[in-house]
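Me: I am new to this structure and would like to know what stands behind the labels used for it. Please set each value against its cut-off.

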Amino acid sequence: MAKQHANWSPYDNNGGSCVAIAGADYCVIAADTRLSTGYNILTRDYSKICKLADKCVMASSGFQADVKALQKHLGARHLIYQHQHNKQMSCPAMAQLLSNTLYYKRFFPYYSFNVLGGLDNEGKGCVFTYDAVGSYEKVGYSSQGSGSTLIMPFLDNQLKSPSPLLLPAQDAVTPLAEDEAVDLVKTVFASASERDIYTGDKLEIVVINAAGLRREYIDLRKD
Amino acid sequence: MASKQPDALLGPESDSQRTQYPYVTGTSVVAIKYKDGILMASDMGGDMIYCLIAHGLPVKVTMPELCSYGSTLRYKSVERIKPIGKHSLLGASGEISDFQEILRYLDELILYDNMWDDGNSLGPKEVHNYLTRIMYNRRNKFNPLWNSLVLGGVKNGQKYLGTVSMIGVNFEDDHVASGFGNHLARPILRQEWHENLSFEDGVRLLEKCMLILLYRDRSAVNKFQIAKITEEGVTIHQPYSLKTNWEFSAFQNPSQGAVGSW
Amino acid sequence: MFRNQYDTDVTTWSPAGRLFQVEYAMEAVKQGSAAIGLRSKTHVVLGCVNKANSELSSHQKKIFKVDDHIGVAIAGLTADGRVLSRYMRNECINYSFTYEAQLPVGRLVVQLADKAQVCTQRSWKRPYGVGLLVGGLDESGAHLYYNCPSGNYFEYQAFAIGSRSQAAKTYLERRFENFADSSRDDLVKDALMAIRETLQGETLTSSICTVAVLGVGEPFHILDQATVKQIIDSFEIAGEQEDPAGEPDAAAGQEAAADEQGGAADQGGSTDQGVAPMDI
């Protein structure tokens with residue numbers, strides 16, 4: 001065997017945090033725009049959020065090259081879907097496709113940590129959260145990436161998702177209003193960027209509701 | 001040894017042998033957008049690095065600055081900036097032979113593109129994406145092209161500047177640098193770069209970065225190339241040197257103030 | 001329909017230097033219901049006549065989206081047309097995967113033509129029995145191409161293929177000089193008028209035609225029936241007064257067409273007369 005390089009890894013962690021929150025009639029998806037490697041910042045303005053369908057966006061952190069490949073793959077699959085079915089893929093359908101796509105590379109995984117957010121067929125907000133090899137769950141809110149250990153407990157504390165063990169099953173969507181959710185997202189990122197060196201520079205927020213898709217940005221710490 | 005077994009994951013290519021012996025690398029490339037296009041600079045040194053022989057197998061060592069197995073400055077006029085088609089400029093750090101292979105791929109790409117003879121041509125964005133696919137593809141085969149690439153260009157009034165790493169990490173920015181430049185040049189660029197740099201100011205800014213790199217990066221040599229690409233086309237300037245000053249008093253008598261046993 | 005001993009397989013030449021099998025494939029294009037296309041500097045409009053095989057069935061889809069910047073209208077074997085549009089869609093997806101840019105229309109057309117050409121030179125293959133009007137927009141502007149089963153392709157300002165397309169061509173020939181600077185809406189109107197020419201007296205309704213548009217800032221899309229109906233109504237009402245003047249002209253064109261096409265070719269036109277349009 002030839003290719004034996006001392007100290008070579010096909011992976012890198014380019015950092016970044018992603019958050020998604022689902023409400024009764026909206027979904028907020030957010031991620032910072034810092035791209036780093038080790039202690040280096042590669043660029044301060046790299047979008048981690050990818051619009052996959054009209055009512056479905058994905059925020060991803062991890063290894064940028066894998067994330068890009070994943071986004072392009074899903075984009076192409078969605079084009080094929082549109083040609084065949086003459087409609088946009090629904091968010092739950094895209095969630096399953098993403099899971100399958102990740103699991104397809106189970107033994108050479110895409111090193112990407114994703115949250116998928118959007119509206120389901122009833123127009124209700126939905127969030128799907130993943131691990132790198134495709135196991136996924138529908139939740140009311142989630143966080144992934146380098147700052148997730150700081151963000152997730154904060155969200156748990158503020159949003160208190162109903163236990164999945166409750167019977168009858170309770171809806172996971174958060175009780176917040178849209179603007180409250182957006183404010184919460186801004187707060188968690190401002191907090192995460194205090195301690196997580198891989199989170200910062202700028203926050204990109206995507207809000208999906210019946211009116212369509214809206215983007216907004218706020219600045220984060222640059223250090 | 002595990003490395004003797006064929007690995008099914010790696011495909012048939014993995015059985016072939018690739019250059020494993022002393023190999024030649026180039027150090028940083030720095031590039032910026034300026035008023036009329038892109039400016040790119042690199043030095044012309046080529047380090048020859050001796051590889052570590054581990055378990056009787058030649059093993060490629062990663063970065064010159066990280067290895068202690070020996071490295072000689074061997075080549076002094078390595079051209080690491082090349083034009084690609086009409087609208088793009090490519091700079092590379094890392095393994096020179098891999099860079100030259102990439103140039104062959106791109107030559108073919110541009111040739112086939114021209115052969116359509118239909119007035120369409122690949123712009124910098126297209127070339128950058130193509131390169132990204134090549135780099136990522138090779139890393140997927142565990143056989144990376146050992147380079148950091150910087151691609152700049154102008155087409156239809158649009159400036160473009162991007163970079164790709166050995167494992168396919170890619171992005172666009174107003175200024176980029178590879179290798180040591182990431183540590184030493186980009187902080188300067190972040191502080192001093194602005195959208196409306198004139199050609200002269202751009203060159204001065206790049207020279208400032210290259211001088212810092214020359215002082216701090218032991219692989220750098222005092223022979224530079226600066227290239228420019230605008231809507232009008234590519235100009236690669238003749239190699240030249242920067243004025244350096246090594247006359248710091250600490251250099252004159254290094255042991256003074258550090259009196260020791262010798 | 002056998003012309004002579006040289007038409008049993010695609011690769012056999014006739015002494016006159018013709019490939020009859022290829023010509024028969026082109027005949028299939030003439031038999032199919034009409035498709036038309038026209039373009040300005042910024043927009044391309046494709047249109048087709050929807051013809052159902054029986055009153056009990058619906059019609060087949062004859063206009064396909066290939067990508068946001070490319071669409072096709074077909075005449076001939078719809079099944080072949082579908083296969084080719086799938087190929088084109090694939091090419092576009094692959095190109096944008098590699099380059100994150102849109103495939104130039106002219107290149108796709110050449111690839112398509114080369115694919116058709118291969119079928120004219122292999123004994124075990126059959127030429128595609130479909131003509132494609134490929135409309136697209138790229139860096140060099142709006143384009144309209146016609147791809148033929150023979151592997152030939154041509155660029156047009158406006159063109160029509162399929163049964164009774166000569167009437168549409170005559171209409172387009174009379175007006176094409178204005179198309180380059182036409183507005184999008186005028187282009188759509190002209191497309192509908194051209195389609196009407198091929199109907200030969202049958203009234204133009206939104207259910208017997210499909211119209212698709214693409215252009216600068218307007219990704220390829222097929223106009224919905226309500227929109228088409230609205231446009232038809234607008235010029236039908238406006239045209240009530242003017243039309244008599246235009247009619248004889250068109251009729252004259254029709255006759256000329258019949259003359260030009262001559263015996264064998266004209267059969268295509270006559271076979272589908274009396275086929276009832278499908279009202280959905």
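Reply: What follows takes up some labels in turn, for a model that is predicted.

Me: Why are A:Cys50 and C:Cys148 called buried?
Reply: Buried means a relative accessible area under 20%. A:Cys50 has 15%, so the label applies. C:Cys148 has 7%, so the label applies there too.

Me: What makes the pair A:Asp201 and A:Arg34 a salt bridge?
Reply: The cut-off between a side-chain nitrogen of Lys or Arg and a carboxyl oxygen of Asp or Glu is 4 Å. In this pair the closest N and O atoms are 3.0 Å apart, so the pair qualifies. A:Asp201 is buried at 1% relative accessibility, and A:Arg34 is buried with a relative accessible area of 1%.

Me: Why are A:Asp171 and A:Lys124 called partly exposed?
Reply: Partly exposed covers the range between the buried limit of 20% and the exposed limit of 50%. A:Asp171 has a relative accessible area of 43%, so it falls in that range. A:Lys124, with 28%, therefore falls there as well. A:Asp171 and A:Lys124 form a salt bridge, with their closest N and O atoms 2.9 Å apart. This pair links distant parts of the chain, 47 residues apart.

Me: How do you know that B:Asp173 and B:Arg186 form a salt bridge?
Reply: Their closest N and O atoms are 3.0 Å apart, and the limit is 4 Å, so the pair counts. B:Asp173 sits in the loop between strand E12 and strand E13 of chain B, while B:Arg186 is in helix H4 of that chain. Both B:Asp173 and B:Arg186 are buried. Elsewhere, salt bridges that share partners join A:Glu178, A:Lys186, A:Arg214 and A:Glu216 into one network. The structure holds 38 salt bridges over all chains.

Me: What makes the link between C:Ser207 and C:Thr205 a polar contact?
Reply: Such a contact requires N or O atoms within 3.5 Å. The side chains of C:Ser207 and C:Thr205 come to 3.1 Å, so the distance meets the limit. C:Ser207 is in the loop between helix H5 and strand E9 of chain C, and it is buried at 7% relative accessible area.

Me: Why can B:Leu111 belong to a nonpolar surface patch?
Reply: A patch takes residues with over 30% relative accessible area and no salt bridge. B:Leu111 has 48% and counts as partly exposed, so it passes the area cut-off. B:Leu111, B:Tyr112 and B:Met115 make a patch of about 340 Å². B:Leu111 is found in helix H1 of chain B.

Conventions:
Residues are numbered from 1 along each chain as its sequence is written. Chains are lettered from A and ligands numbered from 1 in the order in which they are written. This is a predicted model: local features need pLDDT of at least 70, side-chain atom pairs count only at pLDDT 80 or more; totals for chains, interfaces and linings use all residues. Side-chain values use heavy atoms; hydrogens and water are left out. Buried means under 20% relative accessible area, exposed over 50%, partly exposed in between (1.4 Å probe, protein chains only). Helices (H or I, at least four residues) and strands (E, at least two) are DSSP runs, numbered from the N terminus. A polar contact is a pair of N or O atoms within 3.5 Å; within protein, one must be able to donate a hydrogen and the other to accept it, and residues adjacent in sequence count only if both atoms are side-chain atoms. Patches are made of residues with over 30% relative accessible area and no salt bridge: like charges are joined within 9 Å, nonpolar side chains (Val, Leu, Ile, Met, Phe, Trp, Tyr) within 5 Å. Accessible areas come from the Shrake-Rupley method with a 1.4 Å probe; for residues, only the protein chains shown count as cover.
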